[in-house]
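Let's take a walk through the charged pairs in this protein. Have a look at the sequence and the model first.

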Amino acid sequence: MSIAAHFDSYSAARAHFKDLLDAARRGRVATVQRETGRAAVVDAERLRVSLVAVLPSPQVVAEDGGWSVFLHGVPVAADAATFDEAIEEMIVALREYADDWQERLLDAPNHRGNWALVQVIELSDDAQLREWLVGAPR
């Protein structure tokens, strides 16, 4: 097997689908060329970890007897009486934002740039989102 997995058509990729997925899982470059452009196939966990590393850090602050969680430049925030409630509320708010983004915001000029955030949300379970929000080691 070659080091990378490049397929010049959807049909070729389909015929070698296992090779394509195996290359992606191992972290090798795996691409499929189509008339409309080239797509990369990547391991979901590798992508999630890489994107978390480049996203701005969430801010969790104590305010007015409660807690607030927010992301600079992103219209998603949560407030609650306790730290844990604020984190849980933020996870819900992030999931709702990702749904809205997928449904209608992805082409809006002021939301288009949040692609990486949406990928992280969709590729993470709640425990992984919590780790990111509270700043646990990556």
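What follows is a short tour of the salt bridges.

A quick word on the ground rules: this is a predicted model, where local features need pLDDT of at least 70, side-chain atom pairs count only at pLDDT 80 or more, and totals for chains, interfaces and linings use all residues. Residues are numbered from 1 along each chain as its sequence is written, and side-chain values use heavy atoms, with hydrogens and water left out.

Side chains of opposite charge can pair when their charged atoms come close. Searching the whole structure turns up six salt bridges (a side-chain nitrogen of Lys or Arg within 4 Å of a carboxyl oxygen of Asp or Glu).

Start with Lys18 and Asp22, whose side chains pair at 2.6 Å, N to O. They sit four residues apart in helix H2 (residues 17-26), so about one helical turn separates them. Helices here are DSSP runs of H or I, at least four residues, numbered from the N terminus. Lys18 is exposed at 60% relative accessibility, while Asp22 is partly exposed at 22%; exposed means over 50% relative accessible area, buried under 20%, and partly exposed in between (1.4 Å probe, protein chains only).

Next, Asp84 and Arg130 form a salt bridge at 2.7 Å, N to O. Asp84 belongs to helix H4 (residues 83-105) and Arg130 to helix H6 (residues 126-134), so this pair ties together parts 46 residues apart in sequence. Asp84 is partly exposed at 45%, and Arg130 is partly exposed at 27%. Glu88 joins in too: Asp84, Glu88 and Arg130 are linked in a network of salt bridges.

Technical notes. Helix = DSSP H or I, 4+ residues; strand = E, 2+ residues; numbered from the N terminus.
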